[in-house]
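The sequence and structure come first.

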Amino acid sequence: MAVDQIDRSVVIERPRGIASSQTVPVGVKTFRTTAKIVGAVYLAGFVVGLVGSGLFQSILGATGASANLPAVAASSALLAFGAILWLMAVAGDAAHGVLMFPILRRYHERIAFGYLAARIVDAVFIAVMVLFVLLQIPLASAFVKATVTDASFLQTVSGLFAQGQVYAYDIGMITLGVSGLMLCYTLYRAKLLPRLVAGWGLLGYAILFVGMLSEVMGSGLGLASSIPGGLWEVFMGVWLIAKGFSSSGLAQLGKDTSKIDTAR
């Protein structure tokens, strides 16, 4: 990837007992620019997701039963704007997997592919959630013109779409929990972040995963379970922009995976 070619530094290691003419260069990329981009995506995703969720809740009402169709009809443009914000967050989810892949691959190729796949699945389910939200707009338009009998039917369909929206979101967040665990495990083991920071991420995503699983079964803990991981992502956004990944961790990562072709 082109971003992998930015801010490249080479660490020259001189093994014991080998003369200076026989030094072995080990390519180690600091990924400083990658860290800044990932940090910016974290922060942007938090902002657009928060604003989009606020718009959804203010217009749709308490989703899971049925949407407030008269309110949707009156504010369809605003609802569509909220959907666009969420689609931006979807793009950010996929971008995380792509941007972090070269770094995670240096530690464990299967984890890198697993993280990329989980992020894509997460993005797909959130996109499905947005689709269910957008389907409320034509329903609302038909609702305001419908007879009493048709209005009742449309309200029932709206409830089904609203429930589908909730389930798509829950599954997307479960997948996010899985991807986050893979990411933070790598960050912890490879020492790309301070152990305390990476450990916070592991705990936050574990809580998210368990909480969203229980949410599918009706526990009502989904929102509360997302708080630790959400705060970690905000903190990580600032951290990566300001400090990036640990240089010593990246250098050690390069040594541990020197057999992988890093010349791309």
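E109 and R105 form a salt bridge whose closest N and O atoms are 3.0 Å apart; the term stands for a side-chain nitrogen of Lys or Arg within 4 Å of a carboxyl oxygen of Asp or Glu. E109 is partly exposed at 38% relative accessibility, whereas R105 is buried at 18%. Buried is under 20% relative accessible area, exposed is over 50%, and partly exposed lies in between (1.4 Å probe, protein chains only).

The model is predicted, so local features need pLDDT of at least 70 and side-chain atom pairs count only at pLDDT 80 or more, while totals for chains, interfaces and linings use all residues. Residues are numbered from 1 along each chain as its sequence is written, and side-chain values use heavy atoms, with hydrogens and water left out.

**Salt bridges**

The structure holds 3 salt bridges, tabulated here.

| E109 | R105 | 3.0 Å |

Helices here are DSSP runs (H or I, at least four residues), numbered from the N terminus. D93 is buried, with a relative accessible area of 15%, and R119 is buried at 2%.

D122 and R119 are separated by about one helical turn because they are 3 residues apart in helix α4. Both D122 and R119 are buried.

**Pocket and cavity**

Both kinds of space are found on a 1 Å grid over the protein atoms alone: a cavity is a set of points where a 1.4 Å probe fits but cannot get out, and a pocket is an open set with protein on both sides within 12 Å along at least five of seven lines. Lining residues have an atom within 4 Å of a point. Grid points are joined across faces, edges and corners, and a volume is the space filled by probe spheres set on the points.

The largest pocket contains about 1,200 Å³ of space. It is lined by 40 residues, and S53, W86, Y169, M173 and S226 are the closest to its centre. At least two lining residues come from each of α1 (32-60), α3 (76-107), α4 (109-143), α5 (148-189), α6 (195-216) and α7 (222-242). The pocket lining has 21 nonpolar, 13 polar and 6 charged residues. In this scheme Ala, Val, Leu, Ile, Met, Phe, Trp, Tyr, Cys and Pro are nonpolar, Asp, Glu, Lys and Arg are charged, and the others, Gly among them, are polar.

There is 1 cavity of 30 Å³ or more. The largest cavity holds about 40 Å³ of space. Its lining includes V38, Y42, H96, M100, L183 and W232. Helices α1, α3, α5 and α7 each give two or more residues to this lining, and α7 has the largest share, with 3 residues. The cavity lining divides into 9 nonpolar, 1 polar and no charged residues.

**Surface patch**

F46, V47, L50 and V51 make a nonpolar surface patch of about 360 Å². Patch residues have over 30% relative accessible area and no salt bridge; like charges are joined within 9 Å and nonpolar side chains (Val, Leu, Ile, Met, Phe, Trp, Tyr) within 5 Å. Accessible areas come from the Shrake-Rupley method with a 1.4 Å probe, and for residues only the protein chains shown count as cover. V47 lies in helix α1 and is partly exposed, with a relative accessible area of 47%.
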